[in-house]
Amino acid sequence: GDSELEVRALRTIAAAGLPAPEQQLAVRLPDGTTVRIDLAFPEDLLAIELDGWEYHGQRRAFDRDRARRNQLTLLGWRVLQFTAAMTDRTLVEAVTAGLGALRPSAPCAGA
């Protein structure tokens with residue numbers, strides 16, 4: 001991972017038995033720039049952004065992150081954002097819900 005938070009997220013996802021995300025996935029935005037998504041499930045258009053205060057706590061970074069998220073959303077991505085203060089359980093629950101949102105559920109017995 002690129003950061004301590006990214007390593008923690010990868011370990012948490014693996015420990016929960018979830019599929020492994022792609023790391024630092026390059027995506028071309030509508031404005032022509034290319035950005036990297038920290039962790040991504042491209043087949044589900046699910047992005048996980050891990051925001052450390054030391055980088056994202058500045059006004060310029062804050063504004064840039066919002067513009068970037070808007071552009072990813074316009075491309076159909078669902079973006080989940082996490083910080084070091086959030087619990088591993090919060091991460092697992094959100095990623096599980098995000099992955100389950102587009103995947104078909106198992107048929108009911110007797111249906």
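## Fold and charged side chains of the predicted model

The protein chain has an accessible surface of about 7,000 Å², and carbon and sulfur atoms account for 56% of that area. Accessible areas come from the Shrake-Rupley method with a 1.4 Å probe, and for residues only the protein chains shown count as cover. This is a predicted model, in which local features need pLDDT of at least 70 and side-chain atom pairs count only at pLDDT 80 or more, while totals for chains, interfaces and linings use all residues. Residues are numbered from 1 along each chain as its sequence is written, and side-chain values use heavy atoms, with hydrogens and water left out.

The secondary structure consists of four helices and four strands, arranged along the sequence as α-β-β-β-α-α-β-α. Helices (H or I, at least four residues) and strands (E, at least two) are DSSP runs, numbered from the N terminus. Of the 111 residues in the protein chain, 36% are buried; buried means under 20% relative accessible area, exposed over 50%, and partly exposed in between (1.4 Å probe, protein chains only). Among contacts (heavy atoms within 4.5 Å) between residues at least 6 apart in sequence, 55% join residues at least 24 apart.

The whole structure holds three salt bridges, each defined as a side-chain nitrogen of Lys or Arg within 4 Å of a carboxyl oxygen of Asp or Glu.

| Salt bridge | N to O distance |
|---|---|
| Arg-8 and Asp-88 | 2.7 Å |
| Glu-49 and Arg-68 | 2.7 Å |
| Glu-93 and Arg-89 | 2.7 Å |

Arg-8 forms a salt bridge with Asp-88. Arg-8 belongs to helix H1 and Asp-88 to helix H4 (residues 88–100), so this pair ties together parts that are 80 residues apart in sequence. Arg-8 is partly exposed, at a relative accessible area of 28%, and Asp-88 is partly exposed at 34%.

Glu-49 and Arg-68 meet in a salt bridge through their side chains. The pair ties together parts 19 residues apart in sequence, because Glu-49 lies in strand S3 (residues 46–50) and Arg-68 in helix H3 (residues 59–74). Both Glu-49 and Arg-68 are buried.

Glu-93 and Arg-89 are four residues apart in helix H4, a separation of about one helical turn. Glu-93 is partly exposed, with a relative accessible area of 45%, whereas Arg-89 is exposed, with 63%.

Glu-6, in helix H1 (residues 4–15), is buried but has no salt bridge. Its nearest side chain of opposite charge is Arg-68, 9.8 Å away; Lys and Arg count as positive and Asp and Glu as negative, with His and the chain ends not counted. The side chain of Glu-6 does make a polar contact of 3.2 Å with that of Gln-23. A polar contact is a pair of N or O atoms within 3.5 Å; within protein, one must be able to donate a hydrogen and the other to accept it, and residues adjacent in sequence count only if both atoms are side-chain atoms.
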